[in-house]
Amino acid sequence: MTSHNKHPQLFSFEFYPPKTEEGVVSLQSVRNQLAALKPDFFSVTFGAGGSTRDKTLDTVIDIQSKGILAAPHLSCVGSTKDNIRTILKNYQDNGISKIVALRGDLPSGMLSAGEFRYANELVDFIRAETGDDFQIHVAAYPEVHPQASSAAEDFKNFKRKVDAGANAAITQYFYNADAYFYFLDTCEKNGINIPIVPGIMPITQYAQLFRFSEMCGADIPRWLRKRLEGFGDDRASIQAFGAELVTQLCQRLLNNGAPGLHFYTMNQAAPTLAILNNLELKTDA
Ligand code: FAD
C-alpha cells in the first residue's frame, strides 16, 4: 500500500468497557483477533461523569497485561479536579502512558457540578499535574462539532487543545473524505502539525448508525442513506456494501495524507478485520 505521509502510519482500535461478564469474555476474543494486526494501541472509552471509571481502568489493565499498549479515554465534564487527579494517579500507578482527553457529554438530566468546561482545560490540567508523563490524544471534528457556533470557532477551540499540549488527534467518524482533507489543510495553514488520525466507523447496520450520527454530528450523505435503507433487513448485503465503501474511504484517506486509522470497533472484530483485510494490512504488513 502506498501513502504520502509525514508521520508513520498509526493504527488503533477503540473499545467500550463491557458491562457484563459475557461482554468481558467476548471482548477478550475480539481483542486477541485484532491484536494479531499489531495495532499501535487499543483505546477504551470513559462514560462522562465517571460512570465507567472502574470498568475503563479494568479493561485497560487487562489489555496491557497481554503486552499491548492501551489508552484510557478520560472525559472531564461533571468532574472535579480532585476526581481527575485521582484517576491520573491511578493511571500512572498502572503504567499507562497514553490518554484520550475529552470533554464528554453529560447524560440528559445529569447536572454538571464539575470544575472543567472544555477539553482544553483538561489537557492543561493533565500537563500541569503530570508534565510529559502522558501522551495526550484529543478529539477533532472535520464536519464540525454539533454544539459549535461556527466552523471557525470550532477550529479555534480545537487549536486550544493542541496549544495546551495534545500530541495527536483522533477525528469523529465521517463518510465525506473532503471534510477531512480540508481540515488537514486548515491545520497546516495554522501551524498545527500533530498527527490527525481519522476515526473510522465500519457500517454494519443502519438504524443505529443514523441515530448515532444525528447526535454526534456525523453526516450520512443522502445517497449513502438511500443505499443503506434500500437493503432493508438484509444485514449481509449491508455489511458487504459497508465493508467495500469504508475500505475505499480508508484507501483514499491513507493515499492522501492520513497518518493512520483509528477504528470505532463497537467491540466487534469482524467488520474492522474485513476492512483491514481488504486494505491488505495483514499481520506481517
Ligand atoms: P471540546 O473540545 O471541549 O469541544 C466541545 C464543544 O465546545 C465544541 O463545540 C467546541 O467548539 C466548544 N469549545 C471547546 N473549547 C472551548 C472553549 N475553550 N471555549 C468555548 N467553546 C469551546 N465521549 C465520552 O463521554 N467518552 C469517551 O470515551 C469519548 N470518546 C471519544 C473519542 C473520540 C475520538 C471522539 C471524536 C469523541 C469521543 N467522545 C467521548 C465524544 C465527545 O466527548 C463529545 O463529542 C463531546 O461533545 C465533545 O468532546 P470534546 O473533547 O471534543 O470537547
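Author: Start with residue classes: Ala, Val, Leu, Ile, Met, Phe, Trp, Tyr, Cys and Pro count as nonpolar, Asp, Glu, Lys and Arg as charged, and the others, Gly among them, as polar. Here, the shell around the ligand has ten nonpolar, ten polar and five charged residues. Keep in mind that this is a predicted model, where local features need pLDDT of at least 70, side-chain atom pairs count only at pLDDT 80 or more, and totals for chains, interfaces and linings use all residues. Residues are numbered from 1 along each chain as its sequence is written, and side-chain values use heavy atoms, leaving out hydrogens and water.

Reader: Which residues come nearest to the ligand?
Author: A residue is near a molecule if one of its heavy atoms lies within 4 Å of it. Of the 25 residues around this ligand, Phe46, Asp105, Tyr141, Asp154 and Lys161 come nearest.

Reader: Which helix gives the most to the shell?
Author: Helices are DSSP runs of H or I with at least four residues, strands are E runs of at least two, and both are numbered from the N terminus. Helix 5 gives the most, with four residues.

Reader: And how do the strands pair in the barrel?
Author: Two strands pair if DSSP finds at least two bridges between them. Eight strands form a closed barrel, 1-2-3-4-5-6-7-8, with parallel pairing. Strand 1 (residues 10-15) and strand 8 (residues 260-264) pair over five bridges, and Glu14 has Tyr264 of strand 8 as its bridge partner.
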